[in-house]
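Thanks for asking me to look this one over. Below are my notes, in numbered points, for you to follow with the model open beside you.

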Amino acid sequence: MGGGSTVFLLAAVACFVLAVFPPVASGDASTLESVPDLVKAMYVNVESFPCVRLLNHSDPGHDKIIAPIVRFRSINDQLIQPSAVLLPLDHITDFFLRVSNDQELYRKIAGVLVEANGMDNVLELSPDRKFPQHAFAPYSNLSHHWNPVGSGIMWNKYDFPVFLLSEESTRTLQKLADKNEKTANGYLANVAEFDLVMQTTKAGTHDSESCLREQSCLPLGGQSVWTSLPPIRNSSIKHQKPIIIVTASQDSASFFRDRSLGADSPISGLIALLTAVDALSHLHDLSNLKKQLVFAVFNGEAWGYLGSRRFLQELDQGADSVSGISSLMIDQVLEIGSVGKAISQGYPLFYAHSAGNSSISKKMVDALQSASESLGSDNVKVKPAASSNPGIPPSSLMSFIGKNTSTSGLVLEDFDSQFSNRFYHSSLDDPANINSSSIAAAAALIARSLYILASADLPIDLITLNSIKVNVSLVEELIGCLLKCDPGLSCGIVKSLISPSNSCPSHYVGVFQDLPSGTQFPSYADDISRFIWNFLADRTSNLADNSSSCTGKCPDEGEICVGAEVEGGGRCVVSTTRYVPAYSTRLKFEDNLWHVLPVNSSDPFSAADPVWTESFWNTIGLRVYAVQNTVYDWLVLLIGAIITAASYLAVIIGRSYISKIIKRD
């Protein structure tokens, strides 16, 4: 009788536990065939894009952060406990500005999850400053608002993780947050777990100098690319022509590292440069022109003009990466900035922001206007920027002027006094924010104006000038390759030149992982840099005399191997196309360590150099799951104690019962 009572008691307790604590996963238990199946049923890994903390020369750690998900529906909502805040995208600016001024709220934020949907409701969003990178301006008026919608929130320090969700993850998190609201007093709570986010790998390494010394971080950087058209056959400086250098940037920044697309700023300018080079490559008499055309695509410009400043330092040092050109030969600098939003009045209208010698700058503006007139029915217009502007807008040209104040240059933009891009350095600066016709118009304008400028005092051959036409389909293809995941870097033109490591393009600069290993094939060059190098080498090349397939170096000096990565190998061509390292000029790699150099008094921008670094990460992850209230943990403990006691009692009673039976026998 005692044994039967005990069995009944255990069965009753088991039924009670199953009733109170139902399985976390939905569906049939038979579908859980292994431990991984159970883990998958319990935890949801969330597709998301992190905000990554960077260090600079003047700058905590969490292993894991776990907090209940709370949905913020209004910017004035309050928190009653540390929580992971689910935030609408259109509230991000107001929320982070509030957090910076409300310490009570700040202390209760365990993490922030930004929703991906609702983009159509966002009319403007820029987490950068109103004057981006103002410390590098070559003029004193720093109060001008080039970026009037800029909030500056991406430059603030936050001691909690922030993730941008994908659209699917947004829907999942919204459902979980709604469940939390409905079962506020229940035993289940859906929580977010942030894994190893915003953490340096060694204690005490809270700035770039200390983390580089402890080898727990790497400097931001990558590879810039430059080329000449036509190729420079004689590398002797004394035989060189004056140089017109045409520049664009290849990297962008964002609050969320992996969503730095930068469609208008700066990738529209990069696409215009590549398309202009393609248009000019079809001319056969460029070697007869009075000036040499050099094209440079700089990396790391969003983080202290790393590429342009390092390029100029390499020129000063006569490095192999810039062999064949000299800073003394640079006559004019023409930068292609944001050119993707120039169509506002029904026709493309660009603005020329000039600097330096007024007579040379005027010649550059005149060349642009002559090119505009030659385009005739295309109705492409260009105007000088307003004289009331304090100077040139944020651009690589600032590096050239900082190095040499007598530099004459011009920045072509789609705005006059304020950015037309309302999503500058945000994840919303995507392909929908640009117009391919605007980029094609800029490419045509640049290509024809370069022909006019390079002709100098020679009579302009109007037949040749009018034959310069851009490939509009190339513009469309490059937008798909460089700004979308489909086709992304799996597009035909990219795969014909390189073997990309990822189909989704990223324009975050990344980290510089080693010393430059060579001007043609550095050990570490990202997909975008390698594509640009191969594209420019292909378009500016002459076929080698004895052209043959290649997978690396070509036999003759002056030849390079284009398309070496693709199946079947590449081909040797004659081209002056080289990589140039892009990292802070205040860094030196010595004895297998990066060292931060003292401020260089001869470099006016040295003190302004932030020397950005990124920590090593073991993982950056986000997952969600359900946990129970601690009250129920105690209840489980109590029930476990009761079961244990009942089991013990059952054993005692059972032994006593069996002993009695044995004695009777």
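1. A word on exposure to begin with: a residue is called buried under 20% relative accessible area, exposed over 50%, and partly exposed in between, using a 1.4 Å probe and protein chains only. Gln-215 has a positive phi of about 55°, although it is not a glycine. You will find Gln-215 in the loop between α6 (208-213) and β9 (217-219); helices (H or I, at least four residues) and strands (E, at least two) are DSSP runs, numbered from the N terminus.

2. Some ground rules before going on. The model is predicted, so local features need pLDDT of at least 70 and side-chain atom pairs count only at pLDDT 80 or more, while totals for chains, interfaces and linings use all residues. Residues are numbered from 1 along each chain as its sequence is written, and side-chain values use heavy atoms, with hydrogens and water left out.

3. Now to helix α11. Of its 20 residues, 19 are buried, so α11 is largely enclosed by the rest of the structure. The expected span of a helix is 1.5 Å times one less than its number of residues.

4. At its start, a side-chain oxygen of Asn-435 comes within 2.8 Å of the backbone nitrogen of Ser-437. This is a polar contact, meaning a pair of N or O atoms within 3.5 Å; within protein, one must be able to donate a hydrogen and the other to accept it, and residues adjacent in sequence count only if both atoms are side-chain atoms. Just after α11, Ala-456 takes a positive phi of about 55°, although Ala-456 is not a glycine. Ala-456 sits in the loop between α11 and α12 (462-467) and is partly exposed, because its relative accessible area is 38%.

5. Helix α13 (residues 472-483) passes the span check too: twelve residues should span 16 Å, and the end C-alpha atoms are 16 Å apart. Its buried residues include Leu-474, Val-475, Leu-478 and Leu-482. What do the buried residues of α13 pack against? They pack against α7 (263-280), α11 (436-455), α14 (492-495) and α15 (527-539), where contact means heavy atoms within 4.5 Å.

6. Next, the cores. A nonpolar core is a set of buried Ala, Val, Leu, Ile, Met, Phe, Trp, Tyr and Cys residues joined through side-chain atoms within 4.5 Å. The largest nonpolar core has 82 residues, and Leu-273, Phe-350 and Phe-531 touch the most other members. Helix α11 gives the most to this core, with 14 residues. Domain 2 (224-232 + 242-471 + 504-540 + 579-611) and domain 3 (541-576) both give residues to this core, so it lies between them; the domain bounds come from an automatic or database domain assignment. Apart from this core lies another, of 35 residues, among them Phe-96, Trp-303, Tyr-508 and Trp-612.

7. Not counting residues up to four places away in sequence, Phe-531 touches Leu-274, Leu-478, Leu-482, Ile-493, Val-494, Leu-497 and Ile-498.

8. Is Gln-133 buried or exposed? Gln-133 counts as buried, because its relative accessibility is 15%. Gln-133 lies in the loop between β6 (109-114) and β7 (162-165), and its side chain reaches the backbone nitrogen of Gly-304 at 2.7 Å. Leaving aside neighbours within four places in sequence, Gln-133 is in contact with Glu-301, Ala-302, Trp-303, Gly-304 and Tyr-305.

9. Leu-334, in strand β13 (residues 330-336), counts as buried at 1% relative accessibility. Among the residues that Leu-334 touches, not counting those up to four places away in sequence, are Ile-446, Ser-449, Leu-450 and Leu-453.

10. Please check two peptide bonds by eye. The bond from Ser-265 to Pro-266 is cis, with omega near 10°, and Pro-266 is in helix α7. A cis peptide bond also joins Asp-486 and Pro-487, with omega about 5°; Pro-487 lies in the loop between α13 and α14.
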